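Here is a short report for someone meeting this structure for the first time. Please keep the sequence and the 3D view at hand.

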Amino acid sequence: MHYGMNGRGLGEPRSLRELAREHALLPLRIFLGVTFVYAGLDKLTDSAFFHTTGAGSIGETMNAVRDSAAIPALVDLALKSPSGFGYAIAIGELLVGIGTLLGLWTRIAALGGALISLSLWLTVSWQAEPYYLGNDLIYLMAWLPLLLGGATSFSVDGVLPPRRRRIR
C-alpha cells in the first residue's frame, strides 16, 4: 500500500489510479531530460560541430537545409554566426535537459525545449517526407504536456512553496 497526503487525510492509502495520475508525466520528463542533456553534451564535445564549414559542422548543416526550410530567414539568421548559433542550441539543450530532469522551473524548461524543437523542425527537419519522419516535430509535441502540466512528482518544483499571484 502507498500512503501519503491526498486530501483524504495523512496516512490513508492512495489508489493506483491516483499514483498513476500523479506520476504520468515522469517517464516523458526523464526521456526528454536525458535526451536533451545528451544532445547538448554531444554538440559541446564535437570538435567539428561549431565550425562554419566542413563535415559535421553547424554551418554545413545550415547551408544544406537553407533552401528546403519552412522559414529560410531563420537559417539565414543562424548563418550570420553559425558558431554562435551552435553554442546557443547546445547550451540551450543542456539547460533545458537539466531543468527537466530536476523538475526545476519545468514549464520554463519545457517552453525552451518546445522552442528549440520548433526552430529545428522549421529549419533542419522540415523537408522530411512523410512529415512524421521528422523527429523535431515529435519532440515539439512531446514538450507540450510538460509545458501544460509542469512537474510535481520527484521535482524541485514540487517541493517549492507555491507562488501566489498578486492582485492589483
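Buried means under 20% relative accessible area, exposed means over 50%, and partly exposed is in between (1.4 Å probe, protein chains only). This is a predicted model, in which local features need pLDDT of at least 70, side-chain atom pairs count only at pLDDT 80 or more, and totals for chains, interfaces and linings use all residues. Residues are numbered from 1 along each chain as its sequence is written, and side-chain values use heavy atoms, with hydrogens and water left out.

**Salt bridges**

Side chains of opposite charge can pair when their charged atoms come close. A salt bridge is a side-chain nitrogen of Lys or Arg within 4 Å of a carboxyl oxygen of Asp or Glu. The whole structure has three of them.

| Salt bridge | N to O distance |
|---|---|
| Lys-43 and Glu-93 | 3.0 Å |
| Asp-67 and Arg-66 | 3.5 Å |
| Asp-76 and Arg-66 | 2.8 Å |

Lys-43 sits in helix α2 and Glu-93 in helix α5, so their bridge ties together parts 50 residues apart in sequence. Helices are DSSP runs (H or I, at least four residues), numbered from the N terminus. Glu-93 is buried, at 4% relative accessibility. Lys-43 is buried too, at 18%.

Arg-66 is partly exposed at 26%, while Asp-67 is exposed at 71%. Asp-76 is partly exposed at 29%. Shared partners join Arg-66, Asp-67 and Asp-76 into one network.

**Helix α2**

This helix has 19 residues and spans 27 Å from first to last C-alpha, close to the 27 Å expected. The expected span is 1.5 Å times one less than the number of residues. Its buried residues include Leu-32, Phe-36 and Lys-43. Their cover includes α5, α6 (106-123) and α7 (135-149).

**Aromatic pairs**

Rings of Phe, Tyr and Trp (its six-membered ring) pair if their centres lie within 6.5 Å; planes under 30 degrees apart are stacked, over 60 edge-to-face, and the rest tilted. There are seven such pairs. Phe-49 and Phe-50 have ring centres 5.1 Å apart and planes at 85°, so they are edge-to-face. Both residues are buried. Phe-31, Phe-36, Tyr-139 and Trp-143 form one aromatic cluster.

Which residues does Ser-117 touch, not counting those up to four places away in sequence? They are Phe-36, Asp-136, Tyr-139, Leu-140 and Trp-143. Contact means heavy atoms within 4.5 Å. Ser-117 lies in helix α6 and is buried at 2% relative accessibility.

Note on methods. Helix = DSSP H or I, 4+ residues; strand = E, 2+ residues; numbered from the N terminus.
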